[in-house]
Amino acid sequence: MFSYASDIEPHVVFMAVCIAVVVLTVPLWFLTYRRLRAAAATTGRKVAAVVLALALLVPAAFSGWMIRGYQTFADAVASFEGPTPAQQAAAENSLAVNKKVMEEGAVLLENRAQALPLHPSEHPAINVFGMGSVRTQFTTSLRGADPRENPRIIPLADALENVGFDVNRELISFYESQLPPVGESVLYPMPGDKGNIIEIDPHSYADLIESATDFSDVAIVVVTREGGEGGDLRLDMEGQPGGDSGKHYLELQDVELDLLARVTERFDHVVVLINAANTMELGFLDNPAIDAAMWIGEPGDNGFAGVAE
């Protein structure tokens, strides 16, 4: 014997129900098709063809409903019953593996004068710049990638504090105030349109940038890009939010270069984190004022813990 809460995954039940409904309705679709063929002789081929097309849309629409309904059903069951012991153990193990992957998989692109690693004993305070610090692309999935919705996520500022750094929370609070509503935090709508630049014009918070120099002489700048299936990356950013005519999506736009210039002019130690799934143009790193740079890909729920350590 088994108990549902401990042995059956919610998606198994849902898919079983969907398959049963499909199987039971196949005879109905077959009978409908035969009746339409018989009716073609008397009602005309065009009318029959239209009705047949509408009839065939039923299974297609049902398939779409299955896809959309699966996650809703699974989420509802999980929230009602809670994770099983096996699910909880798997989740904890996945976090441990993800952290290790980030520790070993992040790529050091630049490290002038051995600027990295930073140690709290030498640099106890850190400023973190860029909307990517709070609107990080943690995963290509559109679900569960917002810390406001997913408590498993460890944002960069939290990860740095967890290992002993003091983070300029005034900066973080400003960036958080610029976030879109919960559920709208992806960088582009699906399907299709990829290319929104999420950076805020640094002129709008120039005083905050200036005051950050009193907090610390260390600055981390996060550059964020999305990439995955569902749409092409733009070859010309003209007309896109934050974009420049003649530039493609995988190079820094003027608003980002402006922020980087302001930071490098004012801080003695500058580190750039590349939060992107795609290969970007990184010629801007050829700048002696940038001490170090690291590619972190999409860090997942707790990958920043590995970056901070």
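Ala, Val, Leu, Ile, Met, Phe, Trp, Tyr, Cys and Pro count here as nonpolar, Asp, Glu, Lys and Arg as charged, and the others, Gly among them, as polar. Keep that grouping at hand for the walk ahead, which goes through a predicted model.

Let's start with the sheet. Strands of a sheet pair through backbone hydrogen bonds, either parallel or antiparallel. In this model, 6 strands form an open sheet with mixed pairing, and reading across it gives the order β1-β6-β5-β4-β2-β3. The edges belong to β1 (107-111) and β3 (166-167); each has a single partner strand, so one side of each is left without a neighbour in the sheet. Further in, you can look at β5 (residues 269-275) and β6 (residues 292-295), which run parallel and are joined by 4 bridges. To find your place in this pairing, look for V271, which stands opposite A292 in β6.

Now bring a helix into view. Helix α8 (residues 254-266) lies across β2 (125-129), β4 (218-224) and β5. Its direction is at about 170° to that of β4.

Rolling a probe the size of a water molecule over the atoms shows where empty space is left. Searching the whole structure gives 2 cavities of 30 Å³ or more. The second largest cavity holds about 40 Å³ of space. Which residues line the second largest cavity? They are E199, V221, V222, V223, L252, E256, L259 and L260. The elements giving two or more residues to this lining are β4 and α8. By the grouping we began with, the lining of the second largest cavity has 6 nonpolar residues, no polar ones and 2 charged ones.

Two or more lining residues come from each of α4 (85-105), β1, β5 and α9 (303-308). Sorted by type, the lining of this pocket has 18 nonpolar, 3 polar and 2 charged residues.

Our last stop is Q240, in the loop between β4 and α8. Is Q240 buried or exposed? Buried means under 20% relative accessible area, and Q240 has 12%, so Q240 is buried. One more thing to look for here is I197: Q240 and I197 are 43 residues apart in sequence, while their C-alpha atoms are 7.5 Å apart in space.

Notes: Residues are numbered from 1 along each chain as its sequence is written. This is a predicted model: local features need pLDDT of at least 70, side-chain atom pairs count only at pLDDT 80 or more; totals for chains, interfaces and linings use all residues. Side-chain values use heavy atoms; hydrogens and water are left out. Two strands pair if DSSP finds at least two bridges between them. Contact means heavy atoms within 4.5 Å. Axes are lines fitted to C-alpha atoms, for helices over the stretch in contact, and angles run from 0 to 180 degrees between N-to-C directions. On a 1 Å grid over the protein atoms alone, a cavity is a set of points where a 1.4 Å probe fits but cannot get out, and a pocket is an open set with protein on both sides within 12 Å along at least five of seven lines; lining residues have an atom within 4 Å of a point. Grid points are joined across faces, edges and corners, and a volume is the space filled by probe spheres set on the points. Buried means under 20% relative accessible area, exposed over 50%, partly exposed in between (1.4 Å probe, protein chains only).
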